[in-house]
Amino acid sequence: MTVLTSVNVLYFRVAYLCSLGFFCFKNVNSILDNSYFLVFTQAMDLPQLTMSQYSAQLGLFGVLFGMLAFTDLIPLLEDNKTYFYSIVPIRLLAYFVIATLSYTWKSNLFLHNNVIFIYCFSEIWINFVIYNSLREEKEVFFRSEEKKRYIDESIDDEDEAFGTATLEIEETITTETVEEVTPEESIKEATPKKTVSQSKKGKKKNHKKKN
C-alpha cells in the first residue's frame, strides 16, 4: 500500500514515542487505565502494573522515549535509508525477544507485566511494517537501477554500431575515389610541372637557334 510507506510509518513511530514521553510527564495513568489497555492485559493474562503519576522515575522514562524518537527523526529527515536498513531488523529482533521473555518468564515481575509486553508488542508491529516497507522500496530501487543500466548499455551499443557504420561508409567512399582516378591522370600527376622560368629559357634557346 502506498500509505504504509517506510517514511510514513517512521513518522508514526516518532509521534508515538513522543506521545508516550508526553504522557509520562503529564499523567501516565491515562494510558495505564485505558479500557483497551486493560482488555488486552486481561486477554493475555498479564499482571497489571500500577504507577503513581508523581513518581520521579516517570521523568527518566519520558526522557528515554524522547531520545528514542530523536534517534529516528534525524536520520529520517536526512533520508538515511542505510541507517534504517541496519537498525530496523536488529530492533525488531530485540523487541521480539523481550516480548517473549515478558510473557513466558512469569517469575520475573520486572519483565512479566502488561506495560513491558504491550510496549514491546506495539514496537514489534511498527518495526515489522517498517521492515516490509523498506524491503519493498529496496526491490523497487534495484529494479529501476537495472532498467537504467540496461537502457544505458543499449544506448552505448547503438552508438558503437553507428560509429562502426560511419567508419565503413567513409572507407568505402575513399576507396571509390581512389579507383575513379584514370591512368592518364595518374601519369600527369606523376610528371613534374615546369616552372615559368624554365619555360621562358627554353623559348629563348629555340629563338637563338632559329636566328
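Tutor: We shall take the core, the pocket and the record's annotation in turn. This is a predicted model, in which local features need pLDDT of at least 70, side-chain atom pairs count only at pLDDT 80 or more, and totals for chains, interfaces and linings use all residues. Residues are numbered from 1 along each chain as its sequence is written, and side-chain values use heavy atoms, with hydrogens and water left out.

Student: Which residues touch the most other members of the largest nonpolar core?

Tutor: They are L17, F65, Y95, A99, Y119 and I124, out of 14 residues. A nonpolar core is a set of buried Ala, Val, Leu, Ile, Met, Phe, Trp, Tyr and Cys residues joined through side-chain atoms within 4.5 Å; buried means under 20% relative accessible area with a 1.4 Å probe, protein chains only.

Student: What does F65 touch?

Tutor: Leaving aside residues up to four places away in sequence, F65 touches L17, L20, G21, C24 and Y119, where contact means heavy atoms within 4.5 Å.

Student: Now the largest pocket: which residues are closest to its centre?

Tutor: Of the 35 lining residues, those are L20, F65, V115, I116 and Y119. A pocket is an open set of points on a 1 Å grid over the protein atoms alone where a 1.4 Å probe fits, with protein on both sides within 12 Å along at least five of seven lines; lining residues have an atom within 4 Å of a point.

Student: How do the lining residues divide?

Tutor: The lining has 29 nonpolar, six polar and no charged residues.

Student: Where does UniProt place the "transmembrane region"?

Tutor: The unreviewed entry gives residues 54-71, 83-104 and 116-134.

Notes:
Buried < 20%, exposed > 50% of the residue type's maximum accessible area, 1.4 Å probe, protein only. UniProt positions renumbered as here; feature names shortened; annotations may be inferred. Nonpolar A, V, L, I, M, F, W, Y, C, P; charged D, E, K, R; others polar.
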